Amino acid sequence: MCAPCWARGGGVAGLSEAPRPPRPGPPLWLLAELTYRCPLHCAFCYNPLRYAQRREELSTAQWVDVLRQARELGAAQLGFSGGEPLLREDLEDLVAQAHRLGYYTNLLTSGVGLTEARAAALHRAGLDHVQLSFQDSTREMNDFLSHTRTFDLKRRVAAIIKAQGWPMVMNCVLHRHNLPHVAQIIDMALELGAEYLELANTQYYGWALHNRAQLMPTAEQLRQAEAVVNDYRARIGQRCRLLFVVPDYFEQRPKACMNGWGSVFLSIAPDGRAMPCHNAGELPGLTLPDVRHTPLRDIWYDSPAFNAYRGEAWMRPPCQGCEERHKDFGGCRCQAFALTGNPAATDPVCSRSPQHEDVVRLVRQAPQQRETQPLVFRSDAVSRKA
């Protein structure tokens with residue numbers, strides 16, 4: 001396997017010329033992206049724009065082997081995701097295997113396919129936790145944003161989740177179309193009995209990057225929404241934990257993406273590619289190892305892809321020498337590539353980046369761009385052409 005090359009956009013020295021990064025701890029959190037297939041067509045989906053070009057999926061036996069290897073490495077928390085993981089007919093078998101291995105398991109779902117019978121089967125298999133996505137608080141907006149008629153179904157699924165006794169996280173991705181409805185979204189979460197509500201403002205990867213101008217909120221929208229969230233927090237206490245994540249583009253410092261590249265997070269794509277983050281497959285020159293051909297231990301500790309941005313040797317000024325590099329680890333490599341064309345660049349959301357003004361300009365220009373750029377919903381047809 002060749003070391004990654006950053007020839008496009010300048011890049012940094014190859015791994016053979018740089019000091020070896022420090023040996024990481026175990027991958028504590030494993031994300032099993034079982035399939036890219038999904039009945040929803042969300043315009044902010046983080047799946048790759050070209051997902052339809054990757055139809056191959058790991059078999060049940062291959063997934064079980066991945067779960068076993070990751071558990072031996074030390075992984076403790078396991079998310080079953082996609083696409084829509086309920087489209088895998090072997091989901092109950094995979095949950096049962098994960099339970100026997102000792103994982104804490106979480107199902108991240110749109111709710112489509114979670115019938116009472118299937119929920120009971122997943123409960124018997126040992127599923128610990130369910131995260132249910134909504135797109136908005138009304139049938140009209142939820143169904144518009146997902147490009148499906150699923151709002152009533154999601155409400156029924158929420159009742160099914162509660163009936164099984166699972167702790168329920170409700171997730172709603174926020175953007176300019178639904179930020180004004182934050183109060184109604186919180187009221188819906190309280191009505192449905194969610195223990196947690198994750199109000200995750202859109203991060204611009206995959207389809208969300210493709211629709212950035214259409215999804216980008218204003219700073220005033222964000223301020224108003226956060227004020228609403230803080231008011232609810234003061235009033236409802238621990239009845240429902242409200243998590244509000246401000247989009248990076250409106251910050252002055254980048255977030256500690258995945259707590260550092262190849263630090264605690266390991267994602268496996270449907271076709272077996274191992275990734276240090278959800279969108280690493282979009283980075284140029286990065287050869288992702290395949291779990292069908294390489295042991296997971298070798299992938300985690302020794303593969304060029306997972307060592308590419310570990311430690312600090314890859315960093316350039318202003319990250320290099322910055323007193324905050326131990327907090328943010330240089331920011332997000334996928335975001336840096338999306339904004340600069342160079343995955344080794346300082347994340348431009350940081351005010352110290354020489355390209356930070358480009359982010360400020362994107363935020364400022366988004367309202368004008370909306371007039372000429374239509375919202376593009378996730379679809380196989382667009383994905384095949386991408």
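**View 1. Helix 1 and the elements around it.** The buried residues of helix 1 pack against strand 1 (29-33), strand 2 (77-81), helix 2 (91-101), strand 8 (265-268) and helix 10 (296-302). The model shown here is predicted: local features need pLDDT of at least 70, side-chain atom pairs count only at pLDDT 80 or more, and totals for chains, interfaces and linings use all residues. Residues are numbered from 1 along each chain as its sequence is written, and side-chain values use heavy atoms, with hydrogens and water left out. Helices (H or I, at least four residues) and strands (E, at least two) are DSSP runs, numbered from the N terminus. Look for Trp63, Val66, Leu67, Gln69, Ala70 and Leu73, the buried residues of helix 1. Buried means under 20% relative accessible area, exposed over 50%, and partly exposed in between (1.4 Å probe, protein chains only). An α-helix has 3.6 residues a turn, so residues three or four places apart point the same way.

View 2. UniProt places the feature "domain: Radical SAM core" (unreviewed entry) at residues 24-235. UniProt positions are given in the numbering used here, feature names are shortened, and annotations may be inferred rather than shown by experiment. Across residues 24-235 the chain is 44% helix and 17% strand, with end C-alpha atoms 42 Å apart.

View 3. For "binding site" (unreviewed entry), UniProt lists Cys38, Cys42 and Cys45. Cys42 sits in the loop between strand 1 and helix 1 and is buried, with a relative accessible area of 9%. Apart from neighbours within four places in sequence, Cys42 is in contact (heavy atoms within 4.5 Å) with Gln135, Leu145, Ser146, Trp207 and Arg378. Cys45 is also found in the loop between strand 1 and helix 1, and at 15% relative accessibility Cys45 counts as buried. With neighbours within four places in sequence again set aside, Cys45 is in contact with Tyr205, Gly206, Trp207, Ala208 and Arg378.

**View 4. Pro48 and its partners.** Pro48 lies in the loop between strand 1 and helix 1 and is buried, with a relative accessible area of 14%. Not counting residues up to four places away in sequence, Pro48 touches Tyr36, Trp207 and Glu282. From C-alpha to C-alpha, Pro48 and Gly281 are 8.1 Å apart in space, although 233 residues apart in sequence.

**View 5. Backbone details in the loops.** The peptide bond from Gly82 to Gly83 is cis, with omega near 20°, and Gly83 lies in the loop between strand 2 and helix 2. Another cis peptide bond runs from Pro317 to Pro318, with omega near 5°; Pro318 is in the loop between helix 11 (304-307) and helix 12 (325-328). His147, in the loop between helix 4 (139-146) and helix 5 (151-163), has a positive phi near 60° without being a glycine. His147 is partly exposed, with a relative accessible area of 47%. Asn259, which is not a glycine either, has a positive phi of about 60°.

View 6. On a 1 Å grid over the protein atoms alone, a cavity is a set of points where a 1.4 Å probe fits but cannot get out, and a pocket is an open set with protein on both sides within 12 Å along at least five of seven lines; lining residues have an atom within 4 Å of a point. Grid points are joined across faces, edges and corners, and a volume is the space filled by probe spheres set on the points. By this rule there are 2 cavities of 30 Å³ or more. Of the 13 residues that line the largest cavity, the closest to its centre are Cys257, Gly260, Trp261, Gly331 and Arg333. The largest cavity has a volume of about 100 Å³, and the second largest cavity holds about 80 Å³ of space. Lining the second largest cavity are residues including Pro254, Pro318, Cys319 and Cys322.
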